[in-house]
Amino acid sequence: MSWNLGTPVNTALLLYILYTVQRILLPSQKISSEVATEFKSNYTWMPKSHPPTVLFKSYTPKTLQPFDGVKNKRILLAISGMVFDVTAGANFYGPDGMYGNFAGRDASRGMAKQSFSEDMLTAVDQPLDKLEDLTTAEIDNMKGWIDHFTNKYVVCGKLVENDAA
Ligand code: HEM
């Protein structure tokens, strides 16, 4: 088999190789090998703005409630005192989601009893649900959900009583 420059495919290939070699040898922007310590406009890798950060903080039932995917696009829910940012699961917890009831709320009882009905939720002006009446199987079920959420979402806070924050 011989290399025939007369065929369009080989010509295109040769031009592409020449272009690639030229880009490697003569890059249009000089790439610094030093680690940057301050912003300069010609850094190719530096993000334009700082990525969003997640602040771990205390939420009460009342301050958690607005994070329901409606009042606030961010969606948080709590299980057993841990607050998870479940915004990435908006199709589950958003206003049209199957588990939308849990958004902005303490979902512990519902997770334990495997029910998303409204009566699983404690009113936001009431003390936290102590879950004392739950069976061992229900507590284990809730812990299973905690494992699921810990592996999938970010823990962004803890849930405390309304008068504790
Ligand atoms: C009609 C019965 C139900 C069906 C058909 C159903 C269906 C599903 C499906 C398809 C998923 C997605 C699984 C995945 O790909 O990760 C899921 C996740 C889930 N389900 Fe259900 N489910 C049902 C009942 C329930 C109930 C009663 C609860 C109450 C606690 C529940 C809580 C959840 C939760 C918390 C998730 C995880 C969502 C996430 O990863 O953020 N499900 N369900």
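1. Of the 165 residues in the chain, 19% are buried; a residue is buried if 20 or more other C-beta atoms lie within 10 Å of its own, exposed if 12 or fewer, and partly exposed in between, with C-beta atoms placed from the backbone. This is a predicted model, in which local features need pLDDT of at least 70 and side-chain atom pairs count only at pLDDT 80 or more, while totals for chains, interfaces and linings use all residues. Numbering starts from 1 along each chain as its sequence is written.

2. Secondary structure. The chain has five helices and four strands, which run α-β-α-β-β-α-α-α-β from the N terminus on. Helices (H or I, at least four residues) and strands (E, at least two) are DSSP runs, numbered from the N terminus. Among contacts with a separation of 6 or more, 60% are between residues 24 or more positions apart; two residues are in contact if their C-beta atoms, placed from the backbone, lie within 7 Å.

3. The sheet. Four strands form an open sheet of mixed pairing, in the order β1-β4-β3-β2. From one strand to the next the twist averages 40°. Two strands pair if DSSP finds at least two bridges between them. β3 is antiparallel to β2, with four bridges, and β3 is also antiparallel to β4, again over four bridges. Bridge partners include Leu77 with Phe84 of β3, Ala78 with Val83 of β3, and Asp85 with Val154 of β4.

4. The β2-β3 hairpin. Two residues lie between the strands of this hairpin, where Ser80 takes a positive phi near 50°. Ser80 is not a glycine. Ser80 counts as partly exposed because 17 C-beta neighbours lie inside 10 Å.

5. Helix packing on the sheet. α5 lies across β2, β3 and β4 (154-159), and runs at about 140° to β2. Axes are lines fitted to C-alpha atoms, for helices over the stretch in contact, and angles run from 0 to 180 degrees between N-to-C directions.

6. The core. The largest nonpolar core has 20 residues, and those with the most contacts inside it are Leu64, Leu76, Leu77, Ala78, Ile79, Val83 and Phe84. β2 (76-79), β3 (82-85), α4 and α5 each supply at least two residues of this core, and β2 gives the most, with four. A nonpolar core is a set of buried Ala, Val, Leu, Ile, Met, Phe, Trp, Tyr and Cys residues joined through C-beta atoms within 7 Å. In soluble globular proteins, nonpolar side chains tend to be buried together.

7. β2 in detail. Leu76 and Ala78 point one way from β2, Leu77 and Ile79 point the other way, and all are buried. Leaving out residues up to four places away in sequence, Leu76 touches Leu64, Phe67, Val83, Phe84, Asp85, Val86, Gly104 and Cys156.

8. The ligand shell. Which residues surround the ligand? They are Val86, Gly89, Phe92, Tyr99, Gly110, Met111, Gln114, Ser115, Phe116, Trp145 and Lys152. A residue is near a molecule or strand if its C-beta atom, placed from the backbone, lies within 6 Å of it. By class the shell has six nonpolar, four polar and one charged residues; Ala, Val, Leu, Ile, Met, Phe, Trp, Tyr, Cys and Pro count as nonpolar, Asp, Glu, Lys and Arg as charged, and the others, Gly among them, as polar. α4 (108-113) and α5 (136-152) each supply at least two residues of the shell.

9. Gln114. This residue of the ligand shell is found in the loop between α4 and α5. Gln114 has a positive phi of about 55° although it is not a glycine. Gln114 counts as exposed because it has 11 C-beta neighbours inside 10 Å.

10. Asp125. The loop between α4 and α5 also holds Asp125. Is Asp125 buried or exposed? Asp125 is exposed, since 8 other C-beta atoms lie within 10 Å. Asp125 and Asn162 are 37 residues apart in sequence, and their C-alpha atoms are 7.3 Å apart in space.
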